[in-house]
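Please open the structure in your viewer and keep the selection panel at hand. The tour below moves from one selection to the next and says what is found at each stop.

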Amino acid sequence: MLSFLNVDKTFEIETTYRCNWNCSYCSVKTHTKSILPHKDILENFRIKTNDYKDIEGGTLIISGGEPAIVNKDLLLKFVDLSKRYKFKLHINTNGAMFNSPILHYFKQINWHVSENLLWSYKISELVKKLPTNVLPLIVITNDNFWNLEKFLNNWPENIKLLMIPASDPQGKEIYFDDDLYNEVLKFKKYMTKESQLIFLSKNKVYNERESKITYIENYVKD
């Protein structure tokens, strides 16, 4: 089973704020920020990792937005750095990256399966040929919860899903009500053990994970 909660010595770098989805619960508020030039993104990464010393033997998560939109030269630069400084590469994607040969270099692919938990032919086809390094995940909200049971009726039981309750890092909006935690646990046969911990702890375990990650933002500040 791919690890999700273990994030010792982990950095997550936001490489774009563009995305072909428009999730209301997006934690980085894509579509509202302009990205820095590539050279500044790389310089930010160098500084935040202490000339790459802090990340040796650790993990870098390539994130966004949707990394499929990122210039491939920038992604390949991180591939080169990972080989030189011996850190593992993970990537967050909504599936738009699945046809890219660059994925060969990533140890783990965190696949955000569906924004609204609506089953589709595309999801069905991807599930049939998932590589072993893909961790499929869904974010559950007050709105899409009502599609969850129907979605899971199509999902193969032998492929466990990482399920995460949506949250707002700024604490301004409630995307997932308290009374839904137990409701989601009714579907635990589809969940990874880590998912069960997240829901049993009412998101405490997930928030602890997030607090351990060093996030590297790259937006143009006003």
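Which residues have the most contacts inside the largest nonpolar core? In this predicted model, select Phe-45, Leu-60, Phe-78, Trp-111, Trp-155 and Met-163, which hold that place in a core of 53 residues.

Return next to Leu-60 and display its surroundings: leaving aside neighbours within four places in sequence, Leu-60 is in contact with Phe-11, Ile-13, Phe-45, Ile-55, Phe-78, Phe-87, Lys-88, Leu-89 and His-90.

Now turn to the largest pocket, which holds about 1100 Å³ of space, and centre the view on Glu-12, Cys-26, Ser-27, Val-28 and Tyr-206, the residues nearest its centre in a lining of 39.

Finally, zoom out to the whole protein, where seven helices and seven strands follow one another as β-α-β-α-β-β-α-β-α-β-α-α-α-β. The radius of gyration is 17 Å, close to the 17 Å that the globule rule gives for 222 residues, so the protein is as compact as a globular protein of that length. Its C-alpha trace spans about 45 × 40 × 30 Å along the principal axes, and buried residues make up 50% of the 222.

Technical notes:
Residues are numbered from 1 along each chain as its sequence is written. This is a predicted model: local features need pLDDT of at least 70, side-chain atom pairs count only at pLDDT 80 or more; totals for chains, interfaces and linings use all residues. Side-chain values use heavy atoms; hydrogens and water are left out. A nonpolar core is a set of buried Ala, Val, Leu, Ile, Met, Phe, Trp, Tyr and Cys residues joined through side-chain atoms within 4.5 Å. Buried means under 20% relative accessible area, exposed over 50%, partly exposed in between (1.4 Å probe, protein chains only). Contact means heavy atoms within 4.5 Å. On a 1 Å grid over the protein atoms alone, a cavity is a set of points where a 1.4 Å probe fits but cannot get out, and a pocket is an open set with protein on both sides within 12 Å along at least five of seven lines; lining residues have an atom within 4 Å of a point. Grid points are joined across faces, edges and corners, and a volume is the space filled by probe spheres set on the points. Helices (H or I, at least four residues) and strands (E, at least two) are DSSP runs, numbered from the N terminus. The radius of gyration is taken over C-alpha atoms; the globule rule is 2.2 Å times the number of residues to the power 0.38.
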